[in-house]
Structures are given as structure tokens and as C-alpha cells.
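Thank you for asking for comments on this model. Please keep the sequence and the coordinates open while reading the points below.

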Amino acid sequence: MLFQVEMDVRVPPDFAPEKLERLKVEEKARCHALMTSGKWRHIWRVAGRYANLSIFDVESPAELHELLSTLPLFALMEIRVAALCHHPSSIRDDDR
Ligand SMILES: O=C(O)CC1=CCC(=O)O1
């Protein structure tokens, strides 16, 4: 199942910079591991915002929740999810 996931990172002004840097390093490593596994298919930076637009390919909404809620930056993110279906006009057969 494909899901569009939009993650906005909201860092409180008093958040310790060294803790933020550590979480970013951990987040990047987790992202790379999930991209290698094929579960996190794509990630783009949303221009002008500390946000990303990602595509996940998972078995269920429950699996997506498990992956998102265990991301290192989860507590600092606002996340929106949209379930995706294959479009009848798409010429990309693997986009389902
Ligand atoms: O910088 C972000 O958008 C948050 C994030 C998600 C995966 C990653 O490496 O950073």
C-alpha cells in the first residue's frame, strides 16, 4: 500500500541544539535503512519549509504508524498521511 506522508519538523525554541543534531543523524540513518528496504520509497524537501514529502510502501496503515511513530524526530513532527491508489491514466505500472 502506498501512502503520501508529509512531515513538518517543529523545533521548540528552547530545544538543545546538540540533542537536535543527534536526532537528525539518527533520523537520517533510519531513513536510509527504510529506503534500502523499499519501505520509504521517496523523500523530497518541501522548498522553503523544514518539511519533507515522502512516499511509503507498506503492508498496512498499522505498519505505517509503527514506522512513523518510531522515527527519532517523531516527537518534533506534525505528520499528515494520505492513502494513494493507482491512477487509471498512469503509465507506471509499479505505482500501486
Ligand atoms: O529533515 C526532515 O525533513 C526530517 C527527516 C526525515 C528523514 C530525514 O532524514 O530527515
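1. Basis of the note. This is a predicted model, in which local features need pLDDT of at least 70 and side-chain atom pairs count only at pLDDT 80 or more, while totals for chains, interfaces and linings use all residues. Residues are numbered from 1 along each chain as its sequence is written.

2. Overall make-up. The chain holds two helices and four strands, where helices (H or I, at least four residues) and strands (E, at least two) are DSSP runs numbered from the N terminus. Their order along the sequence is β-α-β-β-α-β, and the C-alpha trace spans about 50 × 25 × 20 Å along its principal axes.

3. Of the 96 residues in the chain, 6% are buried; a residue counts as buried if 20 or more other C-beta atoms lie within 10 Å of its own, as exposed if 12 or fewer do, and as partly exposed in between, with C-beta atoms placed from the backbone. Among contacts with a separation of 6 or more, 64% link residues 24 or more positions apart, a contact being two residues whose C-beta atoms, placed from the backbone, lie within 7 Å.

4. Annotated span. The UniProt annotation "domain: Muconolactone isomerase", from an unreviewed entry, covers residues 1-89; UniProt positions are given here in the numbering of this note, feature names are shortened, and annotations may be inferred rather than shown by experiment. In the model this span is 34% helix and 33% strand, and its end C-alpha atoms lie 19 Å apart.

5. Strand E1 and its partners. Strands are taken to pair if DSSP finds at least two bridges between them. By that rule E1 pairs with strand E3 (residues 51-57) in the antiparallel sense over seven bridges, with Val5 opposite Ser54 and Asp8 opposite Ala51. E1 also pairs with E4, again in the antiparallel sense, over eight bridges, and there Gln4 has Ala82 as its bridge partner.

6. The E2-E3 hairpin. Strand E2 (residues 40-45) runs antiparallel to E3 and is joined to it by five bridges; the bridge partner of Trp44 is Leu53. The two strands form a hairpin with five residues between them, and Gly48 in the turn has a positive phi of about 85°.

7. Helix H1. This helix has 21 residues and reaches 30 Å from its first C-alpha to its last, close to the 30 Å expected at 1.5 Å a residue, where the expected span is 1.5 Å times one less than the number of residues. The number of its 21 residues that are buried is zero, so H1 lies largely in the open. Just after H1, Gly38 takes a positive phi of about 90°.

8. Leu23 is found in helix H1 and is partly exposed, with 19 other C-beta atoms within 10 Å. From C-alpha to C-alpha, Asp57 is 24 Å from Leu23 and 9.9 Å from Met35.

9. Glu78. Leaving aside neighbours within four places in sequence, Glu78 is in contact with Asp8 and Arg10. The C-alpha atoms of Glu78 and Asp94 are separated by 29 Å, although these residues are 16 apart along the chain.
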